[in-house]
Amino acid sequence: MAAYEEEITGVQKAAILLIALGPEKSANIFKHLKEDEIESLTLEIANTRSVPPDLKEKVLEEFYEVCLAQQYIAEGGIGYAKELLDKALGEDKARDVIGRLTASLQVRPFEFVRKADPSQLLNFIQDEHPQTIALILAYLPSGQAAAVVGSLPPEKQADVAKRIALMDRTSPDVIKEVEKVLEKKLSSLVNQDYTIVGGVDAIVSILNTVDRSTEKHIMETLEVEEPELADEIRRKMFVFEDILSLDNRAIQAVLREVDNNELAVALKNANEDVQNCIFTNLSSRLAAMIKEDMDYMGPVRLKDVEEAQQKIVNIIRKLEDSGEIVISRGGGDEIIV
């Protein structure tokens, strides 16, 4: 295997695999590749005159093993995959296969946690330090993380949210230590590169999914403790294009509060779906007038368009806070009848 690894590159392996699979299957694979990947593979295939049978067998065998490992990881996480591969391939071969897979696909730390039920996960981590909780949640899907955040004690919610938002790069050693605390064996498989995780976008995804009361509590706390951070989060939580998620009644309520000139500027750079959504909720006369204003105003600075759109977003948030409209979210808002 060592000689095989030294004598052939990853691109050469991929080219041999595509040749072995045949043109029809290879064409389907090409549909999912980037242009530069297609170019390098096409060049490699063109320069490959013949492939010895034993080399083709080794490439196909490696491909099968990696596919098998990826399937096991998807089914039950890395620990589950390693256990099955140990039985199927032997411990040394299993470690080699998973090592190559985690390096090439950058399998995320805490993969085993992603399979856990949120309520079970909450019981497991709720007594940990807020920084530890934040690190774990930052690696989870936003829906799963939102369920955990929403169930934390109120005094911990904002603290964990703040730590996720302020998180930047996490050392592999720290990740390993946390995983040891969780009594899992993932630490030996963690990629040694620093991993970018967390940040404002991560907490925005979570806050967009939790219930409104949890979101409101967290934001009110952050506005006192970290006003600049709270402002940055609020700006990202509902963007102008999200107006498509509102029902017609809510959109009409928003438009009643919007200045017509501001609306024309805001729509100048909006996509067609957003424009149609807005015009549908205006009278035909007013929609025609706004369209005419957009045509006659000529080029508009992007900064002015973004400011006009943000003003409309602020109106949407204000109407939601006052209970006049409801923004649909995935965290189990109360049913309004």
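Visitor: How many salt bridges does the count come to by the rule?

Guide: The count comes to 7 salt bridges, where a salt bridge is a side-chain nitrogen of Lys or Arg within 4 Å of a carboxyl oxygen of Asp or Glu. This is a predicted model, in which local features need pLDDT of at least 70 and side-chain atom pairs count only at pLDDT 80 or more, while totals for chains, interfaces and linings use all residues. Residues are numbered from 1 along each chain as its sequence is written, and side-chain values use heavy atoms, with hydrogens and water left out.

Visitor: What makes E62 and K13 a salt bridge?

Guide: The closest N and O atoms of E62 and K13 are 3.2 Å apart, and the limit is 4 Å, so the pair qualifies. This pair links distant parts of the chain, since E62 belongs to helix α5 and K13 to helix α2, 49 residues apart. Helices here are DSSP runs of H or I with at least four residues, and strands are runs of E with at least two, numbered from the N terminus. Side chains of opposite charge can pair when their charged atoms come close.

Visitor: Why is E62 called buried?

Guide: E62 has a relative accessible area of 12%, and buried means under 20%, exposed over 50% and partly exposed in between, with a 1.4 Å probe and protein chains only. E62 is therefore buried. K13, at 14%, is buried as well.

Visitor: Which side chains meet in a salt bridge at 2.8 Å, N to O?

Guide: They are the side chains of K311 and E262. K311 lies in helix α19 (residues 302–321) and E262 in helix α16 (residues 260–267), so the pair ties together parts that are 49 residues apart in sequence. K311, with a relative accessible area of 46%, is partly exposed, and E262, with 24%, is likewise partly exposed.

Visitor: What separates E320 and R317 along helix α19?

Guide: E320 and R317 are 3 residues apart, which means a separation of about one helical turn. Their side chains meet in a salt bridge at 3.8 Å, N to O. Both E320 and R317 are buried.

Visitor: How do you know that the span of helix α2 agrees with what it should be?

Guide: The expected span of a helix is 1.5 Å times one less than its number of residues. Helix α2 (residues 10–21) has 12 residues and should span 16 Å; its end C-alpha atoms are 16 Å apart, so the two values agree. The buried residues of α2 are K13, A15, I16, L17 and L18. Just after α2, G22 takes a positive phi of about 95 degrees.

Visitor: What span should helix α10 have?

Guide: The 13 residues of α10 should span 18 Å, and the end C-alpha atoms are 19 Å apart, which agrees. Helix α10 covers residues 154–166 and includes K156. Among the buried residues of α10 are V160, A161 and I164.

Visitor: Why does K156 count as buried?

Guide: K156 has a relative accessible area of 19%, and the cut-off for buried is under 20%, so K156 meets it. Not counting residues up to four places away in sequence, K156 touches Q126, D127, E128, P130 and I133; contact means heavy atoms within 4.5 Å.

Visitor: Why is F30 called partly exposed?

Guide: The relative accessible area of F30 is 21%, and F30 is therefore partly exposed. F30 is placed in helix α3 (residues 23–30). Leaving aside neighbours within four places in sequence, F30 is in contact with L18, I38, L41, T42 and I45. F30 and L41 lie 11 residues apart in sequence and 9.4 Å apart in space, C-alpha to C-alpha.

Visitor: Is V59 buried or exposed?

Guide: V59 is buried, because its relative accessible area is 4%. V59 is found in helix α5 (residues 53–89). The C-alpha atoms of V59 and A20 are separated by 9.4 Å, although these residues are 39 apart along the chain.

Visitor: What can be said of the chain as a whole?

Guide: The chain has 19 helices and 2 strands. Of its 337 residues, 40% count as buried. Among contacts between residues at least 6 apart in sequence, 73% join residues at least 24 apart.
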